[in-house]
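Dear colleague,

I am handing over the structure below, together with some notes on what was found in it. Please read the notes alongside the sequence and the coordinates.

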Amino acid sequence: MACISANQAMTTGVGLIASGQSDVIVAGGVELMSDVPIRHSRKMRKMMLELNKAKTLGQRLSLISKFRLNFLAPELPAVAEFSTSETMGHSADRLAAAFAVSRLEQDEYALRSHSLAKKAQDEGLLSDVVPFKVPGKDTVTKDNGIRPSSLEQMAKLKPAFIKPYGTVTAANSSFLTDGASAMLIMAEEKALAMGYKPKAYLRDFVYVSQDPKDQLLLGPTYATPKVLEKAGLTMNDIDAFEFHEAFSGQILANFKAMDSDWFAQNYMGRKTKVGAPPLEKFNNWGGSLSLGHPFGATGCRLVMAAANRLRKEGGQFGLVAACAAGGQGHAMIVEAYPK
């Protein structure tokens, strides 16, 4: 499920515990963007499969005689939507244009993400990062993609996807990185019996899906009101919001959609808007734009950021939301464990 794979792992774990199948679950995800599988061309794959089935030397030689040098050209990987073959960045650019999100607004939001991540890192708030020894290189002890720049520097960058008029650039997109995340999930009584001090409760969650072409990245808009209704909460009850930042334009387009009665009525079948999250409660320790986005790991990072923020800031409820491939979306309520 691409960007919400770890969310799926967590909620599957919750289901296994709730149904009595499991007592203790480790849920998480890993992504190696530095070593993605690169496929042979379709013609080469077909020939290799047929060679595998060939029984005689004659059959093998006959197949090999059909080989051409262009068979060796690989299929280069792309961060693209399977159902439309459109790259995520291209989709983000179209979404930003549809919601009239300017290049400057996107750069300002990206700068906010990097600045808040740097502040959180300097204050020791991103303390749940485990050092990792990279073979042949140094040990990585902290997230190394946090780079607060200036709006002037960011303005110099050219559009990355729709050229020359697009507004999505390398500076206002989440960067691809390696990463892993994991969390320990169990029923409260089991945790206490084993001597653990829980951090947070995983409460209600929902999955949604909408048009993967024009609404690919609007998952949070659709999932947020549903999970709030399920939990019997309102936006005002939430103390910490943690949304996946695929692109600045995606976050700001979601804000506009969430704050639009017209969008709620015409696209979501709702009478009124849910409202945009207040920025003072939103991704206060940075997000995917500044911390990076290892697809399989991000879901757990979002939930842990919400849990850690609630503990630090003394809040009770956190709301995690993310968009994903296939026009899917996810939202979850996290509640601080009483001290």
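Helix packing and backbone notes

Helix 2 (residues 42-53) packs with helix 3 (residues 57-64) at an angle of about 170 degrees, their axes being 9 Å apart, so helix 2 is roughly antiparallel to helix 3 (angles under 35 degrees count as roughly parallel, over 145 as roughly antiparallel, 65 to 115 as roughly perpendicular and the rest as oblique). Met-47, Glu-50 and Leu-51 of helix 2 make the contact with Arg-60, Leu-63 and Ile-64 of helix 3, where contact means heavy atoms within 4.5 Å. Axes are lines fitted to C-alpha atoms, for helices over the stretch in contact, and angles run from 0 to 180 degrees between N-to-C directions; helices (H or I, at least four residues) and strands (E, at least two) are DSSP runs, numbered from the N terminus.

This is a predicted model, in which local features need pLDDT of at least 70 and side-chain atom pairs count only at pLDDT 80 or more, while totals for chains, interfaces and linings use all residues. Residues are numbered from 1 along each chain as its sequence is written, and side-chain values use heavy atoms, with hydrogens and water left out.

Helix 5 (residues 103-122) and helix 9 (residues 248-258) pack at about 105 degrees, with their axes 8 Å apart, which makes helix 5 roughly perpendicular to helix 9.

In the loop between helix 6 (151-155) and strand 4 (179-186) lies Pro-164, and the peptide bond from Lys-163 to Pro-164 is cis, with omega near 0 degrees.

With kind regards
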